[in-house]
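Hello,

Here is the structure I promised to pass on to you. Please open it alongside this message, and then read on for what turned up in it.

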Amino acid sequence: MFDLDNTLYPSSCRLFDQIEAKMRAYIRQHLGLDDEAASALKTRLFQRHGTTMKGLMEDHGVDPHQFLGYVHDIDLAPLDAAPDLDAVLAGLPGRKVIFTNGSVDHARRVLARLGIAGHFDGIFDIVAAGYVPKPEIGPYRAMAAALDVDPRRAVMVEDMARNLKPAADLGMTTVWVPGGTDWGAEGQGDHIHHVADDLAAFLRALD
């Protein structure tokens, strides 16, 4: 299982910054807040609910389909093709799936831009999870059931350390891809089995 954003591409390309900015803009427009208040609310919702969207749904009645469509309408130009990762994934045995707090449409666009879409057998997104985000354990169980994954024979690759704890609890081997962000580093512990500063190089070394 691979997370998508800031995992299959480097956070240094700042693609997710666009999504963050769109979230703040959505909050400003729909709740009538100024920039500072919108940013503060976004942070609080993320910390309390796991995703900003879940917080907006539960606290403010926001339509998740509308929200996802708005925040994922971004420019993928900063995202370069990933030929090294493409080559490594081609030689990596076993099924490969995406497990993301984003949407299927967003995942497909990003995978196509990276040039690696053909390697993945399925995408389990926030909609399939009933809008319950990682790191709550329910989506991990639902993903395993939906995609016929045996957690004891699976590996989870993720840029957010805290999102690997439920995976390890279910018996998965975990790989953390540090992205240099404070929120990505939160929740480190012995549930992290491997660290991959360069994902393609890490996977290549498995041969």
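This is a predicted model: local features need pLDDT of at least 70, side-chain atom pairs count only at pLDDT 80 or more; totals for chains, interfaces and linings use all residues.

**The sheet**

Strand 4 (residues 173-176) and strand 5 run parallel and are joined by two bridges.

**Two packed helices**

Next, have a look at helix 3 (residues 52-60) and helix 4 (residues 64-71). Their axes are 10 Å apart, and the helices pack at an angle of about 145°. The crossing of helix 3 past helix 4 is right-handed.

Which residues meet where helix 3 and helix 4 touch? From helix 3 come M53, L56 and M57, and from helix 4 come P64, F67 and L68. Sorted by class, this contact has six nonpolar residues, with no polar and no charged ones.

**Aromatic rings**

The aromatic pairs come to six in the count. One that I would show you is F16 with W183, a tilted pair with 6.4 Å centre to centre and 45° between the planes. This pair links distant parts of the chain, since F16 sits in helix 1 (residues 15-31) and W183 in helix 9 (residues 182-185), 167 residues apart.

Are the two partners buried or exposed? F16 has 18% relative accessibility, which is under 20%, so F16 counts as buried. W183, with a relative accessible area of 27%, is partly exposed, because that value falls between the 20% and 50% limits.

Ring pairs also link Y26, F67 and Y70 into a cluster.

**A loop residue**

Last, find A81 in the loop between helix 4 and helix 5 (83-91). A81 has a relative accessible area of 55%, which is over 50%, so A81 is exposed. What does A81 contact, leaving aside its neighbours within four places in sequence? The contacts of A81 are then with R113 and L114. A81 and G115 are 34 residues apart along the chain, and their C-alpha atoms are separated by 5.8 Å.

Enjoy looking around, and do write back with any questions.

Best wishes

Definitions and conventions:
Residues are numbered from 1 along each chain as its sequence is written. Side-chain values use heavy atoms; hydrogens and water are left out. Axes are lines fitted to C-alpha atoms, for helices over the stretch in contact, and angles run from 0 to 180 degrees between N-to-C directions. Helices (H or I, at least four residues) and strands (E, at least two) are DSSP runs, numbered from the N terminus. A crossing is left-handed if the near helix is turned anticlockwise from the far one by less than a right angle, and right-handed if clockwise. Contact means heavy atoms within 4.5 Å. Ala, Val, Leu, Ile, Met, Phe, Trp, Tyr, Cys and Pro count as nonpolar, Asp, Glu, Lys and Arg as charged, and the others, Gly among them, as polar. Two strands pair if DSSP finds at least two bridges between them. Rings of Phe, Tyr and Trp (its six-membered ring) pair if their centres lie within 6.5 Å; planes under 30 degrees apart count as stacked, over 60 as edge-to-face and the rest as tilted. Buried means under 20% relative accessible area, exposed over 50%, partly exposed in between (1.4 Å probe, protein chains only).
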